[in-house]
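This report describes how two chains are built and how they meet. Please keep the sequence and the structure in view while reading.

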Amino acid sequence: MTTKKRIKVIMAKPGLDGHDRGAKLLARVFAEAGMEVVYTGLRQTPEMIVDAALQEDADVVGLSSLSGVHNYFFPRVVELLKEKGLDDVLVVGGGIIPEEDVAGLRKAGVAAIFGPGTRTDDIIKFIEDKISGT
Amino acid sequence: MEDLVAEVLQGSVRAMARLITLVENEDSRALQIMGAIYPHTGKAYVLGITGSPGTGKSTLTDKITTILREREQTVGVIAVDPSSPFTGGALLGDRIRMQRSSGDAEVFIRSMATRGNLGGLARTTADVVKIMDAFGKDWVIVETVGVGQDEVEIAKTADTTIVVLAPGLGDTIQSMKAGVMEIADLYVVNKADRLGADELLSEINVRVEQDFQIKKTAWQAPVLKTIAVENQGTESLVEAIERHRSFLRESGKLRKNRREKTRQETLALLKDEISRNVLEKVLGNGRFDALIDDIVAHKKDPYTSVQEIVRTIFPEE
């Protein structure tokens, strides 16, 4: 009778780069893992991403950037989520993120950065562990 | 839980989003929640948008929403996409086409996965409509999954149903078939700049005329042309929606239709409740499995057996 609670993910590309192959692939990977994935598409402002997370009651926000804007956009999304009272939303990032930026992003509240070559199983496991743990 | 309902009624977007999740998950508190929501419903106008995949439903929803916002109406959007029957997961992509509306704080967009329901909506979509209605949205627009021919649940939920078609998807016979083509209050031929649009338009016009010859109705569904991505024909579409709304109001059909919808919904709730209670009793003891053994062994037949079960639960007076 009762429908199982499903992990809801917002998959977004902040900034202006048009490389969405990775984001689209991951959106499918998450859906295949049984999650409900809202794909918001390219060129999202942090405000749009956070509005989507708010309205969709998301558990996870996945951000992808390949143009070097992650140091601004990722922390900004975390900050806006907090402002809206969505502290419990898990924020993860991916794309082309230089190793030396990862620590700063983690400190800013991004739970994990998944670079190229990360096994998709590992990403799914990370999300499932974090969500079931809360 | 009651706090959450109170917060929704006071206009908290966060509370509405969380309440929708509870109802969507058919949480044990869902019936209680909807009971508290119901007295505050009945004010919003519900617009349904349905049609085959790729006809432009999401883009049209975005444009209609924008026009309604210009008229200072508040809007809730429910965009339904299919769940995978294999993994249960879903890729919900309707928001991509709703970029203009999604930047507007007065527009609340919620994506819903069908979670195994086959009628074009999720099982709980009608309840989510009520939550947005109680929140105070003037309009609730429900976009169905891309439908084939048989998914007509939207007509049970919406006050006005739009069937969106696009050229290149079939011949005359398609437009004569039963199902989705029967539920339109308005037809839209979208992508009207494409080859075959005029033929499609005249085919549908023929169908509408046939419908009228077979059965005279007070409302004859208009057939409109749009190019949603270029925002062409969308103002006329909203005008046509408003005309249908006025027609429903003035003819008394709005009240009549909503009564019928309430009847259907209440009946469905009653059936759910009865089957839940009955199944608890029947499956609660081990006798059902024993019965199945007898049926498999052909000592009993299932047809007589179920009648016996029901008769023991509801003895005839």
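Both faces of β4(B) are covered, with B:V107, B:I109, B:S111 and B:A113 buried on one side and B:F108, B:R110 and B:M112 buried on the other. Here a residue is buried if 20 or more other C-beta atoms lie within 10 Å of its own, exposed if 12 or fewer, and partly exposed in between, the C-beta atoms being placed from the backbone. Because seven of the seven residues of this strand (residues 107–113) of chain B are buried, β4(B) is largely enclosed by the rest of the structure. Strand β2 (residues 75–81) of chain B pairs with β4(B) in the parallel sense over seven bridges, and within this pairing B:I78 stands opposite B:R110. Two strands are said to pair if DSSP finds at least two bridges between them, while helices (H or I, at least four residues) and strands (E, at least two) are DSSP runs, numbered from the N terminus.

The model is predicted: local features need pLDDT of at least 70 and side-chain atom pairs count only at pLDDT 80 or more, whereas totals for chains, interfaces and linings use all residues. Residues are numbered from 1 along each chain as its sequence is written, and chains are lettered from A and ligands numbered from 1 in the order in which they are written.

**Chain B as a whole**

The secondary structure of chain B comes to 13 helices and eight strands, and its C-alpha trace spans about 65 × 50 × 45 Å along the principal axes. Of the 317 residues in chain B, 38% are buried. An automatic or database domain assignment, the source of the domain bounds, divides chain B into domain 1 (1–39), domain 2 (41–251) and domain 3 (266–313). The C-alpha centres of domain 1 and domain 2 of chain B lie 26 Å apart, and 13 residues of domain 1 of chain B are in contact with twelve residues of domain 2 of chain B. Contact means that the C-beta atoms of two residues, placed from the backbone, lie within 7 Å. On the domain 1 side, α1 (2–9), α2 (13–24) and α3 (30–37) of chain B are the elements that give two or more residues, with the largest share, six residues, coming from α2(B). The residues on that side divide into ten nonpolar, one polar and two charged, where Ala, Val, Leu, Ile, Met, Phe, Trp, Tyr, Cys and Pro count as nonpolar, Asp, Glu, Lys and Arg as charged, and the others, Gly among them, as polar.

Elsewhere in chain B, helix α12 (residues 287–296) lies largely in the open, because the number buried among its ten residues is zero. This helix, α12(B), is followed by B:H298, whose phi is positive, near 60°. B:E260, which lies in helix α11 (residues 253–284) of chain B, counts as exposed with 11 C-beta neighbours inside 10 Å. By contrast, B:A192, found in the loop between β7 (186–189) and α9 (197–214) of chain B, is buried, with 21 other C-beta atoms within 10 Å. Not counting residues up to four places away in sequence, B:A192 touches B:A197, B:K225, B:T226, B:I227 and B:G233. The table sets sequence separation beside C-alpha to C-alpha distance for two pairs.

| Pair | Apart in sequence | Apart in space, C-alpha to C-alpha |
|---|---|---|
| B:E260 and B:K156 | 104 residues | 8.8 Å |
| B:A192 and B:R311 | 119 residues | 59 Å |

**Where the chains meet**

Between the chains, 27 residues of chain A are in contact with 27 residues of chain B. On the chain A side, α1 (21–32), β2 (36–44) and α2 (46–56) are the elements that give two or more residues, and by class this side has twelve nonpolar, seven polar and eight charged residues. Three bridges join β2(A) to strand β3 (residues 90–92) of chain B, and the two run parallel; the bridge partner of A:V38 in β3(B) is B:L92.

An open sheet is formed by six strands with parallel pairing, in the order β5(A)-β4(A)-β3(A)-β1(A)-β2(A)-β3(B). Since β5 (112–114) of chain A and β3 of chain B stand at the edges, each with a single partner strand, one side of each is left without a neighbour in the sheet. Within this sheet, strand β3 (residues 60–65) and strand β4 (residues 90–95) of chain A pair in the parallel sense over six bridges, and A:V60 stands opposite A:L90 in β4(A).
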